[in-house]
Amino acid sequence: MQDKNLIKQLYEGQQLDKDSFIELLSSKEKYEEEAFFYALKKREEIYARSVYFRALIEISSYCRRDCYYCGLRVSNNKAQRYRLNKEEILDSVNQAYYLGFRTIVMQGGEDPIQCDDFVIDVVNTIKSQYNDIAVTLSLGEKSYESYKKMREAGADRYLLRHETADLNHYEKLHPNSMSGNDRKKCIYTLKELGYQVGAGMMIGSPYQTIENIASDLMFIQELKPQMVGLGPFIHHRDTPFANFSNGKPDFTYYVLSLVRLVNHNVLLPITTALSTLDEYALERGLQAGGNVIMPNISPEEKRKKYAIYNDKKDYKVTQENNLEKLKERIRKVGFIPDMQIGNYKEDLYV
């Protein structure tokens, strides 16, 4: 095992077995420097120094699910709830477009009232008004027919974090009404329907082991999603996991670099969770192989109500000059802000 150059194998496009991933994850100090070097090198080969911007609109804080880690869980009676109406969403889209964004991400809980017909109508309207915008949805688990209708309405991408690929671990994070197999089936359905698909997981979530994260890397290696969203677990005070420690940013950056090496062409966000725990997350995430950021464009008065974990931060780009300040931070570490659609680039190394 130790004679193998595992990082170089990943960089060259080879697949690893689970034991090799366990070795990498168990020996961060040994492999970290090399992982960051080759992750950045691979990212530059495919995406150069571009950093793609996505405008995030959180459309509803209602959710029918009861995930143990999430502040929006249905049984949290302290959660502040809201729904954006169509006009509010379109106002946010217009503001994002004016600022230069060309990808919109509509994210929300699995809201039983804000139904599929509502989402389809909003997507249709956005696409009819703007022919140069990509629409990404992140609205949880739905039926094949629902995903199909949203795709036909013009949705380009769909983010659905698998959270953990290990089914036993999944059961520790979710109630019996939820299934890790159902989650994975939804992700494969989205791929089948032609979406650019995003998966993802939490690092440092309760009961997580190195073996669990190795399973996540195996899943990503098999699925080859166009996007992977990963961030450290952050507890919420009004959930069953309130007393669990947050995940560690340092280890999250290392896993981020491994994801880049496992799935070369992936669009890899530097997530809000990382920025919440580390004020230098943007700079460090870019150096680890990340190439996407998702500033929040939701109405200011609603943002604090979308509290999936404690003290969630955002870049506040709608305030005067903050978008330019964010771009300047990116330039200072040698990268190039890119406001265009920023599509996934098909495999160049297979």
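**Close-up views of a predicted model**

Strand β1 (residues 50-53) and strand β8 (residues 292-293) run parallel and are joined by two bridges; strands pair if DSSP finds at least two bridges between them, and strands (E, at least two residues) and helices (H or I, at least four residues) are DSSP runs, numbered from the N terminus. This is a predicted model, in which local features need pLDDT of at least 70 and side-chain atom pairs count only at pLDDT 80 or more, while totals for chains, interfaces and linings use all residues. Residues are numbered from 1 along each chain as its sequence is written, and side-chain values use heavy atoms, with hydrogens and water left out.

**View 1. The open sheet β8-β1-β9 is built from three strands with parallel pairing.** In β8, Val-292 is the bridge partner of Tyr-52. Strand β9 (residues 336-338) runs parallel to β1 and is joined to it by three bridges, and here Pro-337 of β9 stands opposite Val-51. Because β8 and β9 stand at the edges, each with a single partner strand, one side of each is left without a neighbour in the sheet. From β1, Ser-50 and Tyr-52 point one way, whereas Val-51 and Phe-53 point the other way, and all are buried, where buried means under 20% relative accessible area, exposed means over 50%, and partly exposed lies in between (1.4 Å probe, protein chains only).

**View 2. Strand β3 (residues 103-108) is mostly covered, with six of its six residues buried.** Thr-103, Val-105 and Gln-107 point one way from β3, while Ile-104, Met-106 and Gly-108 point the other way, and all are buried. Strand β2 (residues 55-60) runs parallel to β3 and is joined to it by five bridges, and the bridge partner of Leu-56 in β3 is Val-105.

View 3. Val-105 stands opposite Thr-136 in β4. The chain crosses from β3 to β4 through helix α5 (residues 116-129), and this β-α-β crossover is right-handed. Helix α5 has 14 residues and reaches 20 Å from its first C-alpha to its last, which is close to the 20 Å expected at 1.5 Å a residue; the expected span is 1.5 Å times one less than the number of residues in the helix. The buried residues of α5 include Val-119, Ile-120 and Ile-126, and the buried residues of this helix pack against α4, β3, β4 and α6 (144-153).

**View 4. The largest nonpolar core has 99 residues.** A nonpolar core is a set of buried Ala, Val, Leu, Ile, Met, Phe, Trp, Tyr and Cys residues joined through side-chain atoms within 4.5 Å. Among the residues with the most contacts inside this core are Phe-101, Ile-126 and Leu-137. Helix α10 (residues 249-262) gives the largest share of the core, nine residues. Not counting residues up to four places away in sequence, Phe-101 touches several residues, including Phe-53, Ala-96, Ile-297 and Met-339, where contact means heavy atoms within 4.5 Å. A second, separate core of eleven residues includes Ile-46, Tyr-52, Met-294 and Tyr-344.

**View 5. The aromatic pairs in this model come to a count of 14.** Rings of Phe, Tyr and Trp (its six-membered ring) pair if their centres lie within 6.5 Å, and planes under 30 degrees apart count as stacked, over 60 as edge-to-face and the rest as tilted. Phe-37 and Tyr-38 form an edge-to-face pair, at 5.0 Å centre to centre and 90° between the planes. Phe-37 counts as exposed at 52% relative accessibility, whereas Tyr-38 is buried, with a relative accessible area of 15%. The rings of Tyr-47 and Tyr-52 have their centres 6.0 Å apart and their planes at 85°, so this pair is also edge-to-face, and both of these residues are buried. Elsewhere, ring pairs link Tyr-68, Tyr-207, Phe-233, Phe-241 and Phe-244 into a cluster.

How values were computed:
Right-handed = clockwise from strand over helix to strand, strands pointing away.
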